Amino acid sequence: MRRWLVALALAGAATMAMSGCVPQHRPDGDLADDWPDLPAPRMFVPATDACLPRITAVVQAGTYDTVDCARSHLAEAIHVGTFTGDAAAGQRPEPGSPALRPARAECDQRAREVLGGDWHSARLTMNIALPSVPAWTGGARWFRCDLSETDSIDNTRPVNRTGSLRGAMIGDNPLTHRCFDPKLIGDNLNYMAPVLCSEPHRAEFVGVYLERDMTWAEFGRANQEVHRRCMSLIANFAAVPNNADLPYRAGSIFYPPSQREWEEGDRGIRCFLWSDDRKLTRSMRGAGPKGLPAI
């Protein structure tokens, strides 16, 4: 349509020229060779290394927006990848589906590079954004990795922040999980209140392990296996033997991914040292048998 509007406008200009006795342009009989080809339409792909005012599972060109990372924002796009192979064939993968496993693995690796550490070890969450179904049908095969700061390990809803997350886990930083004073209702954990490790507390983050591939239902029945894996991390963290005395030194608390994250391939289990019978007033990192005695 735009080409014909231009042609009519030029035709009007030629009529004005002729009325001033300018010699008429002689056509060469080929109406196509005088017009340059229009550029091929470019498919929308969201930017990486950009901060976002909102979080959406589906990104559409008409509502796409970014903000300066120095301003308040809810997420940071740290990577835009491309579906390939089987993941690129057929219908668009749905959020929370196993078809997103290759994308999540790529996002996790890129997040480590950007942050300088494992995002599971901090008040952070990862979301994967996808093109709309019409865009997918039209050939879009990108996915975007969005990192967000969260309020706490229990409340994983993203919160507004200012500043980029690049290098946010290098050195001493306010995002990394450390010491907590768990709040119980009866024998059930209600929430984990973060505290300074120099303050009285009963729990401390010791690390993350990757669980073997199993269904969500199977994982729900694997509490003892998860406990053993976390106890191994506790022994290594506190520099104590992983033997029959370990349960008399500490117990474990663990936080798995959500079911949606699990189905997408996230297997990162967060493990915490749990001191049921005494308050701690220092970090147990490298404490040794004397610092964390069996009682």
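Strand β3, residues 75-82, runs antiparallel to β5, and six bridges join the two. Within this pairing, T82 stands opposite W142 in β5. The model described here is a predicted one. Its protein chain has a mean pLDDT of 89, with 86% of the residues reaching 70 or more. Residues 1-23 have a pLDDT below 50, and this stretch has nine contacts in the model beyond near neighbours in sequence.

The pair β3 and β5 belongs to an open sheet of five strands, ordered β1-β3-β5-β4-β2, in which the pairing is mixed. At its edges stand β1 (50-52) and β2 (58-59), each of which pairs on one side only. Helix α2 lies across β3, β4 and β5, and its direction makes about 130° with that of β4.

The largest nonpolar core of the model comprises 24 residues, and F83, L115, L124, M126, F143 and L147 have the most contacts inside it. At least two residues of this core come from each of α2 (101-115), β4 (124-131) and β5 (142-149). The largest share, five residues, is supplied by α2. Such grouping follows a general pattern: in soluble globular proteins, nonpolar side chains tend to be buried together. The surroundings of F83 show which parts of the chain meet here. Apart from neighbours within four places in sequence, F83 is in contact with A88, P93, A99, L100, A103, L130, W136, R141, W142 and F143.

Is N127 buried or exposed? With a relative accessible area of 17%, N127 falls under the 20% limit and is therefore buried. Its side chain makes a polar contact of 3.3 Å with the side chain of R260. Beyond neighbours within four places in sequence, the residues in contact with N127 are I55, R144, C145, D146 and R260.

Another open sheet of five strands has the order β7-β6-β8-β10-β9, with antiparallel pairing. Its edges are formed by β7 (188-195) and β9 (251-255); each has a single partner strand, so one side of each is left without a neighbour in the sheet. From one strand to the next, the twist averages 45°. Helix α5 (residues 223-238) packs on this sheet and touches β8 (203-210), β9 and β10, its direction making about 115° with that of β8.

Within this sheet, strand β10 (residues 268-274) pairs with β9 in the antiparallel sense over five bridges. I253 stands opposite F272 of β10, and F254 has C271 as its bridge partner. Strand β10 also runs antiparallel to β8, to which seven bridges join it; here Y209 stands opposite I269.

How many of the seven residues of β10 are buried? Seven of the seven are, and the strand is mostly covered. In a regular strand the side chains alternate between the two faces of the sheet. In β10, G268, R270, F272 and W274 point one way, whereas I269, C271 and L273 point the other way, and all of these residues are buried.

Definitions and conventions. Residues are numbered from 1 along each chain as its sequence is written. This is a predicted model: local features need pLDDT of at least 70, side-chain atom pairs count only at pLDDT 80 or more; totals for chains, interfaces and linings use all residues. Side-chain values use heavy atoms; hydrogens and water are left out. A nonpolar core is a set of buried Ala, Val, Leu, Ile, Met, Phe, Trp, Tyr and Cys residues joined through side-chain atoms within 4.5 Å. Buried means under 20% relative accessible area, exposed over 50%, partly exposed in between (1.4 Å probe, protein chains only). Helices (H or I, at least four residues) and strands (E, at least two) are DSSP runs, numbered from the N terminus. Contact means heavy atoms within 4.5 Å. A polar contact is a pair of N or O atoms within 3.5 Å; within protein, one must be able to donate a hydrogen and the other to accept it, and residues adjacent in sequence count only if both atoms are side-chain atoms. Two strands pair if DSSP finds at least two bridges between them. Axes are lines fitted to C-alpha atoms, for helices over the stretch in contact, and angles run from 0 to 180 degrees between N-to-C directions. pLDDT is the predictor's confidence in each residue, from 0 to 100.
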